[in-house]
Every structure is written in C-alpha cells, then in structure tokens.
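Could you walk me through this protein, starting with the whole chain and then settling on one part of it? Here are the sequence and the model to look at together.

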Amino acid sequence: MVTAFRSRLKVEGEAVTLLEGNTPLIDCPRLAAWACPGGTLLVKYEGLNPTGSFKDRGMTAAITQAAHDGSRTVICASTGNTAASAAAYAARAGLRCVVLIPEGKVAMGKLAGSIAYGAQVVQIDGSFDDGLRLVREISDKAPITLVNSVNPARVEGQKTAAFEVNDALGQAPDWLCLPVGNAGNISAYWLGFVQDALERGFGTPQLLGGQAAGSAPIVLGHVVEEPETLATAIRIGNPARWFQAKEALADSDGQLWRVSDTEIMEAYGQLSRLEGVFCEPSSAAGVAALRKSVLNGEVEPEGKTFVAVLTGHGLKDPDAAIAGQTDSIAVLAPTYDAIMGVIE
Ligand code: F0G
C-alpha cells in the first residue's frame, strides 16, 4: 500500500505489500494529436505495478485486511489480472489462494502469473460472470475471503491512483479516461477524487469510460448473457459495481462509450507505436473512447487535460501483440548485404 496514503484508507492490519503504486504519469503529445487534438494527454501506466496491472493497488489492501481478520484462504473470479494479483499477495502473506477463470479466455501472461505465484487455478466452462456468482456463493457458505472488487478493501486501495494523479498534476485533470469491465476501477477512482476534493481541495474530473462493444451492459442498459471481445480483461456481461459506476458517471457529468474491437486495437497500436507505451488491449479502451467522443463532437479537447489509465501491461497478452505479425518477420542469411538489403 502506498505508505503516504495509508492513513486515508479504511484498511486494518500490517501492510502486505510489494511496493505497488507510484506509477508514472506519462505525457503523450503524439497520441494526443491523434486522440484529442489541442488537448494534453497523459497516461497513467498501471502496467508497471508488481504483477503488471492496477489490481495490485486494491489487492495489497484486500490481503492486508484478510490476513488481519485471520483468514487462511482467499478466492476470486477473474479474467486474469485479479487472479495473478491475488495469487502474488496471498503468497506474500502465506495465505492459500483459489482463482476461477473462464477457460480459454485468459491471456497467457496472466495465467503464467497465477501459476507462478502458486495459486490453485480452476478453469470453468463458463464466463467471468458465472465465476463471480460462484465465488460469492462459496465465500458466503465457507470460511473463505472473497477478494474481487465487491470486497470494500479493494476499492479503498484502488483510490490511491486518483490521489497520485492529483499529486502529479497539482490539480485534478479535466477528464479521466478508462476501460470499464466489472466497474470496480471507475467506482474507486471516483471515490478517490471525491475524497481528495474534500480533504485536499482538489477539483474532480469528468469520467470517460469505454466498454467493449460486445460486452457493454452498462451502455446498453441490460445484462449481456454471452459477452464477447478481443479485450478479454473486460469480457463481462453483468458488472458487480454497475450501480456505483452509473452514479459516478452521473455525478461527474461523464460519458460511457461502446468501442468496437477494431477501435480498441487501433488505440492499442497507436499507444505503442506513437509513444512507446505498451499496454494490453483492454487498457486501450479508455483512449479509444476518448478518440470516439472527440470525433463525435461530444468532448471538446482544446486546452483540456486528459488522463488515460492504462490498466495492464502489454506483456500480459503477448498473443495480441504478435497476432498475424510473425510471418512477416523475414529470416535472412547472417551477412551484411542481406541485412542492408531490407534496411535500405
Ligand atoms: N483493464 C484491465 C487490464 C483489467 O484486467 C480489468 C478488469 C479492467 C480494465 C476493468 O476494470 O473490472 O474494475 O472495471 N479485470 C478484472 C480481472 C475483471 O478479473 O482481472 P474493472
């Protein structure tokens, strides 16, 4: 847990930490020219957390509280990042960790993490939403602590990202752009910004969320029974914090966009090619939503400051990066002439 913020979070116990947080806020002028011309765009690079995603901010808090409460076992459903994070912090605390993941829909780097950190990995023939229903039932009936973002300590920890953004800018940005899946992160950011407004006098940003077109229950206003998207992290049809997300969007005078997989992958490519910032596909949904809102004339970027949260590292999902690209990498003779032949 970011030590400087500890006194502002409702979490008890000696911190179980991997020194998460303090991620960079990177100015991205070339990306701004593409997504929000005339505006300033900075990205909060959450992939630089210890297990490669923003989940570590909430997980340090949830595992700290679970250990303090005497829990021996924690459980979560996950599209991959929560699982890897829970596995790491549980290992750190000496707790047992069980993770439920949708079979075949979890990116390789995330699965690798859960296995490496020693979690018991259970694949289900179902979606994230099925998994969440099951782990809720299990934690209700058995002495096992649920560490999905319905756990209040998770949200407490995740608020620290809002504090850091305000600290870095000296004020709140005009807009905060981010992907929306189970809706824990958008809810946590909003609570953080509201708390900072009260305690330190910062303003609050307008929130701009992106849901994948095939998994956009909040935009559509109904549960999506069979969510689909390349952005597997946000392949969620019935978000747990749906209501809080709606409230945060309304209170911040925000916007929530449905972005296609093509739009997400375009933003994903632009982030790494224009700025050298590699995130996983889902993370680019906030930038995709920003570009869409500007193109549609719903956001006027001139003179505004936008912060886009890049929730997970690109190396989480190497398959997405190399898909269709490896065939075009030529194998050449190891000679000067052969190499210069393709460079010139
Ligand atoms: N981006 C990434 C990389 C994620 O892993 C998630 C959620 C989100 C965005 C959406 O955040 O759910 O708070 O709205 N991943 C969860 C998981 C569901 O299991 O790792 P949210």
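How far apart are the mean positions of the positive and negative charges of the protein chain? Keep in mind that this is a predicted model. The chain carries 27 positive and 38 negative charges, and their mean positions lie 5 Å apart.

Let's step back to the overall build. The protein chain holds 14 helices and 10 strands. Its C-alpha trace spans about 65 × 50 × 40 Å along the principal axes. The radius of gyration is 20 Å, and because a compact globule of 344 residues would have a value near 20 Å, the chain agrees with that expectation.

Of the 344 residues, 56% count as buried. As for how the chain meets itself, take the contacts with a separation of 6 or more: residues 24 or more positions apart account for 73% of them.

With that picture in mind, zoom in on helix α7, which runs over residues 160-169 and is mostly covered, with seven of its 10 residues buried. Those buried residues are Thr-160, Ala-161, Ala-162, Phe-163, Glu-164, Val-165 and Asn-166. What covers them? The cover includes the strands β1 (25-27), β2 (40-45) and β10 (305-310), along with the helices α2 (55-68), α6 (152-158) and α8 (184-200). Follow the chain just past α7 and you come to Gly-170, which takes a positive phi of about 75°.

Definitions and conventions. Residues numbered from 1 in each chain as written. Predicted model: local features only at pLDDT ≥ 70, side-chain atom pairs only at ≥ 80, totals over all residues. Heavy atoms only, no water. Helix = DSSP H or I, 4+ residues; strand = E, 2+ residues; numbered from the N terminus. Rg over C-alpha atoms; globule rule 2.2 N^0.38 Å. Buried < 20%, exposed > 50% of the residue type's maximum accessible area, 1.4 Å probe, protein only. Contact = heavy atoms within 4.5 Å. Lys, Arg positive; Asp, Glu negative; His and termini not counted. Charge placed at Lys NZ, Arg CZ, Asp CG, Glu CD.
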